[in-house]
Amino acid sequence: MPSLWKSNALGVIIRAWLFNSGFHDSLSDRVEISTPLNSWKRVIEGAYLRQRSQSPYEGDVFHETPTGLVFYTYLLKLNFNVLQAVFILCDVLTAFVLTEATRIFFQDIVKDQQNKKKTYHKDAKKITLKKEEVAKVPQYVTAAYLLNPYIVCSCVAMTTTVFANLILSLTLLAMAKKSRLLSTCCLAFASHQSFYPVMLVVPIAIATAKEKQLFKSVFLTISSFALFTALLLGFSYHSTGSWRFIESTYGCILKVPDLTPNIGLFWYFFTEMFDHFYLFFTYVFQLNPFIYVIPLAIRFDDNVPLLSFTLCAIMAIFKSYPSIGDVGFYLALLPLWNHLVPYFRHSFIVGCIFLVTSVLSPILWYLWIYTGSANANFFFATTLAFATAQIFLLTDVLFAQAKYDYHLKHGIDLKINGKEGMLVLE
Amino acid sequence: MGLLSNPSDKQLSPLLLKFVGKQKVLSSLFYIGSIVWFVCLAYRQFNAGTYFSENALLPGLVHSNFKEDFLARQYVAAIKAEAERYPNGMPHAFIAAQFKQLGLDTFTHNFSVKYPLDENEVYSGKNVYGILRASRGASTECLVMSVPYRPPDSVLTGTNAGIAIMLSLAASFRAASYWARDVIFVVTEHEQLGMEAWLEAYHYTSSGSNSIDFGQLDARAGAIQAAINLEIPYEKISHIDVRMEGLNGQLPNLDLVNLVHRLFQQERFTTTLKEREDYPDPLSMEGWIYSASSLLTLMASQATGVPTGNHGLFHRFGIEALTVAGSYKRGWHGSNFLLMGRAIEGIMRSLNNLQERFHQSFFFYLLPATNRYVSIGVYMPPFGLMIGSMLLQAVALYISRKENPNEKQNWNFLNLGSFVLYSTICGLLFYSAPEKLTRFNRSMALGLSTEDVVFGGFCMLSVIHCILTSTVGVRMLSIQRLSANCVQCAILLLTSTLMYAVAMGNISLAVLTCFIISPVFSIAKPVSQRFLKYCRYAVLMLVHPLSLLFIATLIDTYRVFPEEINQPWKFFGKTHIAAQRALIYAVVDGTFYGNWLFFAVSTLYLPLWSLAWANLGNLSR
C-alpha cells in the first residue's frame with residue numbers, strides 16, 4: 001500500500017517540522033487545543049509537585065489521574081526531543097490501531113450485509129458494499145488521522161489527548177475483535193482518564209453479547225469493566241495515599257469549576273449562570289451526553305461501529321472540556337461511512353462551517369483577549385457554530401444510515417405509481 | 001427539527017434550482033450592489049452622527065486651569081537651541097533635565113535594534129520618560145502622553161512645539177490635585193521603533209520577532225488606559241488632524257476619537273480627517289462625493305496596516321490611542337499654545353474621569369467625516385453581499401456538479417491536498433526569501449542594494465513559481481482528474497473565508513481586496529478559446545501580489561507627484577523605487593512590529609492565487 005506510506009511519512013514530517021519550528025509553545029497556549037484537563041503545562045506542574053512529595057491534588061492546577069501521573073513522571077524524565085518523538089509515535093500508533101479496527105469493523109459490515117442478502121430488495125446490489133472496498137477504507141482512516149490538522153495541532157501542543165486517543169482507539173480495536181477482557185480493560189483506562197468513555201460500555205456489551213446467554217454476557221462485561229476500574233482506582237489510591245484525587249479529577253470533569261473558554265458549550269453558559277441554578281444545570285448538561293446512549297443502542301444494535309462512532313462524537317461535542325483532539329478522533333473515523341456519502345444532505349454546509357470556524361476562532365480570540373476590541377460573545381459564536389456543525393454532521397451520518405437501510409430493503413427506485421416518491425419520516 | 005430530520009434524497013427545491021440557474025446574473029448583481037451600497041454609506045442619510053457612549057468622559061465639563069503658555073514658548077526656544085547642537089540625535093540629557101526640574105520621576109530607556117535583513121546593522125536609541133505620580137491613585141493605572149522627537153535633519157516636520165506643550169502641560173498638571181491616574185510623558189527616538197521598544201519594555205514582551213532588544217524600564221505606573229501622541233510642529237496651528245489607523249488596521253475606540261475632535265473644536269481648532277475638513281454642505285451631491293473620497297482615503301490607509309503615527313503601536317496592547325497632528329494652513333485662523341494646552345488638558349482630564357477601560361462605543365467603524373460614523377453593523381451587510389457573490393457562485397458550482405455527471409471528473413475536495421501542500425510550501429519559501437536573499441547577497445559579495453536584491457529576487461522567484469505552477473501544479477490537478485469547477489468552487493470558498501477572517505481585523509483591507517479579486521477569481525477556470533484563455537491569464541497576472549504592489553504604488557506616486565505623469569520614464573522609475581521600498585517596509589514591519597500583511601499575502605493569498613493560476617490550465621474541464 002504505497003499511499004499509506006506516503007501519508008504516514010507526511011504526517012510524521014509535518015509534526016516534526018512543527019515541533020522544530022517552535023510551534024509547540026504557541027499551540028500549547030491555544031484554548032481550542034489545551035484545556036485544563038489535557039494541557040501539558042499542568043502535567044509538568046503536577047509531576048513537579050509529586051517530585052517535591054507534595055500532593056498535586058491539593059491545588060487547582062492538576063486534573064490528571066494518579067495513574068496518569070506515574071506514567072507522565074516517567075515520560076518527563078526523557079529528553080525533550082525524545083519526548084516529542086514519543087508523542088509522534090503515539091499518534092502513528094493510534095492511526096495504525098484505528099486502521100486495524102476499521103478494517104475489522106468494515107469486514108463485519110460487509111459480512112453482515114451478505115448474511116442479510118435475502119432480506120434485501122433485488123436492486124440493492126448496486127449499493128451493497130463490495131469486498132474491494134474493504135482494503136481501501138482503512139487506508140483513508142490512517143491518512144485522515146495522521147493528516148488531520150486538528151490531530152496534528154493536538155500532538156504538537158503535546159496534549160494528553162494524544163494518549164487518551166490511543167487508549168480509545170485500542171478500546172475500539174478490542175471491541176472490533178470482540179474480546180471482552182481486553183476491551184473492558186482498555187475502556188477502564190480510557191474512562192479512568194476522561195470519564196466520558198464510560199458510555200462505550202454499551203457498544204462493548206453489544207459486540208461481545210452472545211445470542212443465547214444475553215444477560216450473563218452483559219453482566220460479565222459490566223462486571224469485568226467494574227473490576228478493572230476498581231483496580232485502577234485502588235492503584236491510584238495507593239500511589240497517592242488518599243482519595244483526594246477523586247475530587248480533583250472526576251469532580252473537575254463533572255462539576256465544571258474551571259470556566260476557561262474552550263470549544264465546548266459549558267463555559268459560556270456557566271459564566272452567565274446565577275449560582276443557585278448552577279447545580280441544576282450541571283446535572284442537565286452532564287446528563288445530556290448520556291441520554292442518547294440507550295435510544296441509539298436500541299436503534300443501531302446491529303451496527304456496533306456506527307454506535308461507537310456516534311458515542312465518540314457525542315462525547316467530543318458535549319463533554320465538559322472538549323478539545324479539537326477529541327473532534328479529530330471521530331473525524332478520522334468518517335471514511336468508514338464513505339458508502340453513506342450519497343445520502344448526506346449537509347456535507348457542504350458542514351464542511352464550510354468547519355472551515356470558517358477553525359479560521360475565525362483564533363482571530364476572534366485574539367480580538368477579545370489581546371486587543372480588547374471584541375468580546376466573549378464573538379468567540380462563543382464560533383464555538384457554538386462549531387458545535388452546531390458537528391451535530392449536523394452526526395445527524396447526517398445517522399439519517400444517511402437509516403436511509404441506506406431503507407434503500408437496501410426497498411430498492412433504490414422510489415417510484416410510486418410511476419411518479420417520484422419521497423421519503424417522509426413518521 | 002425538519003432541517004435535521006427531513007429524510008428526502010431528491011432534495012433541492014425547484015426554487016433553489018431556479019436561483020442557481022440565475023447565479024451569474026445574481027452574483028454580478030450582488031457584486032455591483034455591494035459596491036453601490038458601500039459608496040452610499042458615505043452619504044449623510046446612510047450613516048449616523050457621532051455621540052458619546054461613555055458618560056464618564058464628561059467632555060469639556062471641567063474648568064480649564066492651563067495658563068502656562070508662556071512656559072511653552074520658552075521651552076520651544078530652548079529646545080530649538082539645544083536641538084541645533086545635535087543635528088542627528090536627540091538631546092536626551094536636556095529633556096530629562098527638564099522633566100526632573102518639573103519634579104517628575106524621570107528615567108531614560110535604552111534600546112537597540114537589529115536590522116532584520118542584516119544582522120550586522122545594529123542601531124541604538126534612547127527614550128526619555130517622566131512619570132507624574134497621581135496624588136489620588138496607587139499607581140495601578142496611568143495615561144500616556146507621547147511625542148516622537150525629530151532632529152533638525154529629519155525629513156519629517158518637526159515636533160518641537162509638541163515637546164514644549166507637553167512640558168508646559170506637565171508643569172500645569174504637577175500643581176493639580178485631581179489626578180486619579182499617573183501620567184507618563186514620553187519622548188521617543190527613531191519614530192515608531194522607539195515607541196515600540198518602549199511599549200515592549202513596559203509590558204516586558206516582544207510582539208515582533210525579537211529584532212528589537214527592548215532593554216529594561218526602571219519604573220512603571222500600572223496598566224496604561226489611554227494614550228495621546230502629539231505631533232505639533234509650531235505654535236501657530238489652525239488644523240488638527242486626528243490620526244487613528246493603527247497597526248494591522250486596528251482603530252481606537254470611537255469615544256476617544258470623538259473626545260479629541262470635540263475638545264479641539266471647542267477651542268476653535270478645525271479638526272480634520274485624513275487632512276480633509278468636513279464639507280460644508282454634506283447633503284449635496286458634491287458633499288457626497290467629498291465624503292466618499294474621504295472614506296476611501298481612510299480605507300486605503302487602514303488597509304496597508306501601517307500605523308499613521310506612534311499611537312498605532314499601542315493598540316495591540318489593548319490601549320486606546322491616537323495621534324494629534326497639527327498644521328497651519330494659510331488664510332485660516334491660527335491658535336496659540338494657550339488654546340492648544342487647554343484642549344489637551346481637557347482630553348487628559350476626561351481620560352482621568354474614566355471609571356473603567358474604554359469598552360462602550362465602537363471599535364469597528366469607518367468614518368466618512370469627522371462627525372459621522374459607519375458602524376460594523378452598517379458596513380457588514382454590504383460586505384456580506386460582496387462575499388455572498390462569491391459564495392453564491394461556489395454553491396451554484398457545487399449544486400451543478402450533478403447536472404452533467406461525467407465519470408472522469410472528480411469532485412473530492414480532499415484531492416486538493418497535494419496542491420495545497422505544494423503551494424503553501426511555495427508561500428513559506430516566499431515568506432523566508434528576503435532574509436535568504438540578502439544573506440546570499442552578502443555572502444557572495446554581489447554588492448547590490450537590499451532593495452534591488454529583494455525586489456529582483458522576488459520577481460525572479462515569481463516567474464519560476466508561475467512556470468512551476470502551470471506545469472507541475474497543473475499536472476497535480478490533472479492526475480487527480482479534479483474537475484475545474486471543483487477547483488474553482490474551492491478557490492471561491494477559501495477566498496471568501498479568508499476575506500471574512502481579514503474583515504474581522506481590518507475591514508478596509510478585506511473590502512478593497514475583495515473588490516479587486518472577486519471578479520478575477522470568478523473567471524479562474526479554463527476556456528477553450530485561445531484568445532480568451534490568454535486574456536484570463538493576463539487578468540490573473542494583474543492580481544499577482546507583486547503586480548498589486550506595483551499598481552498600488554503607481555496610484556500613490558500619481559497622487560503625490562501628479563505633475564510627473566508627463567514624463568513616463570521618470571514617473572515609472574519613481575514608482576519602481578517606491579515599490580521596492582514598500583516591499584522592504586512590509587518585510588521589516590513584519591519582523592519589527594508584527595504587521596501580518598506580508599505574512600498573509602505570501603502564505604495565504606499567494607497559494608490561493610497559484611491555485612487559480614493552475615486551474616486556468618486545468619485539463620479536465
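Author: A:Asn303 sits in the loop that links helix 15 (293-299) and helix 16 (304-318) of chain A. This is a predicted model. A:Asn303 has 20 C-beta neighbours inside 10 Å, so it counts as buried; the cut-off for buried is 20 or more.

A:Met158 lies between helix 7 (149-156) and helix 8 (161-176). A:Met158 is buried too, because 26 other C-beta atoms lie within 10 Å. Its phi is near 55°, a positive value in a residue other than glycine. Most residues other than glycine have a negative phi.

B:Ser139 is not a glycine, yet has a positive phi of about 55°. The loop around B:Ser139 runs between strand 3 (122-132) and strand 4 (141-148) of chain B. B:Ser139 is partly exposed, because 14 other C-beta atoms lie within 10 Å.

Last, the sheet. In chain B, three strands form an open sheet with antiparallel pairing, in the order 1-12-11. Strand 1 (48-49) and strand 11 (365-369) of chain B are at the edges. Each has a single partner strand, so one side of each lacks a neighbour in the sheet. Strand 1 of chain B pairs with strand 12 (residues 372-375) of chain B over two bridges, in the antiparallel sense. B:Ala48 has B:Tyr373 of strand 12 as its bridge partner.

Conventions. Residues numbered from 1 in each chain as written. Chains lettered and ligands numbered in written order. Predicted model: local features only at pLDDT ≥ 70, side-chain atom pairs only at ≥ 80, totals over all residues. Pairing = 2+ DSSP bridges. Helix = DSSP H or I, 4+ residues; strand = E, 2+ residues; numbered from the N terminus. Buried ≥ 20, exposed ≤ 12 C-beta atoms within 10 Å, placed from the backbone.
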